[in-house]
Amino acid sequence: MSIRSVSTGLLASTLLLFAACGGTRDTRVRADAPDTVTGTGLQSQDIRTMAVDMAAKIKASGVLAPGKEGERSSFFIYELRNDSSDAIDKEIILTKLRTNLFEAFGRQVKIIDRSPQASDLVDAERRMKDRGQVSGTNDRKVAGSDFVLKGTIKSRDRQAGKLKSSYILVTFELTDLVTQELVWTGDYDMKTESEKSVINR
């Protein structure tokens, strides 16, 4: 094979590679920018708006304000039950909400981590301290909680031909763990219409 043939082949392969790459679109956008890949269901800007809104409303309610003696209230986030038709990672909502609550309150409240992973780590650490494998003592109790924050995602979906309409309601509730009193509740709702067949994850 001649050098000219090899060069021609390499040039053709390079041009095909550039043509293939020219069909892709990789763009970095702001986290609060509206989703260009839409469909029915919660979008990224809904998650961000919801977390900011709920954190602000909980703080404004004053239910978690420190007591007269300056004692901090405590709460943990239990679950977000998804009863809607939208397939979504619930943890992304809860994690974003917890971050916004921490930023809103700072050290004014105790946010308790009741995840199984945290419980396993605490148990392992306490065992190692009891056996003298690591420094420190277990003279502090695991923190109790005054309130629990939980929520639900519900939807009302309608389909007419290719057009799908979806109303989504996300409700959060803060419950007193001694009296079972519902001390605060807040909603975030949104409605979308779409003719596209899009699966949101």
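Which residues of α2 are buried? They are D46, I47, M50, A51, M54, A55 and I58. Buried means under 20% relative accessible area, exposed over 50%, and partly exposed in between (1.4 Å probe, protein chains only). These residues cover an arc of only 150° around the axis, so they sit on the same side of α2. The arc is taken from the directions from the helix axis to the C-beta atoms.

This is a predicted model, in which local features need pLDDT of at least 70, side-chain atom pairs count only at pLDDT 80 or more, and totals for chains, interfaces and linings use all residues. Residues are numbered from 1 along each chain as its sequence is written, and side-chain values use heavy atoms, with hydrogens and water left out.

Now the chain as a whole. The protein chain has 4 helices and 5 strands. From the N terminus, the elements run α-α-β-α-β-α-β-β-β. Helices (H or I, at least four residues) and strands (E, at least two) are DSSP runs, numbered from the N terminus. Of the 201 residues, 27% count as buried. Contact means heavy atoms within 4.5 Å. Among contacts between residues at least 6 apart in sequence, 65% join residues at least 24 apart.

Back to α2. This helix holds 18 residues, 44–61, and should span 26 Å at 1.5 Å a residue; its end C-alpha atoms are 26 Å apart, which agrees. The expected span is 1.5 Å times one less than the number of residues. The buried residues of α2 pack against α3 (90–105), β3 (147–160), β4 (163–176) and β5 (182–194). Just after α2, G62 takes a positive phi of about 80°.

Next, the sheet. Its 5 strands form an open sheet in the order β2-β1-β3-β4-β5, with mixed pairing. The edge strands are β2 (110–111) and β5, each pairing on one side only. Two strands pair if DSSP finds at least two bridges between them. Strand β1 (residues 74–82) is joined to β2 by 2 bridges, and the two run parallel. S74 has K110 as its bridge partner in β2.

The loop between β4 and β5 contains Q180. Most residues other than glycine have a negative phi. The phi of Q180 is near 65°, a positive value in a residue other than glycine. Q180 is exposed, with a relative accessible area of 70%.

Two charges lie over rings. K59 lies over the face of F105, at 6.0 Å from the ring centre. R114 lies over the face of F76, at 4.8 Å from the ring centre. The rule asks for NZ of Lys or CZ of Arg within 6 Å of the ring centre and within 35 degrees of the ring normal.
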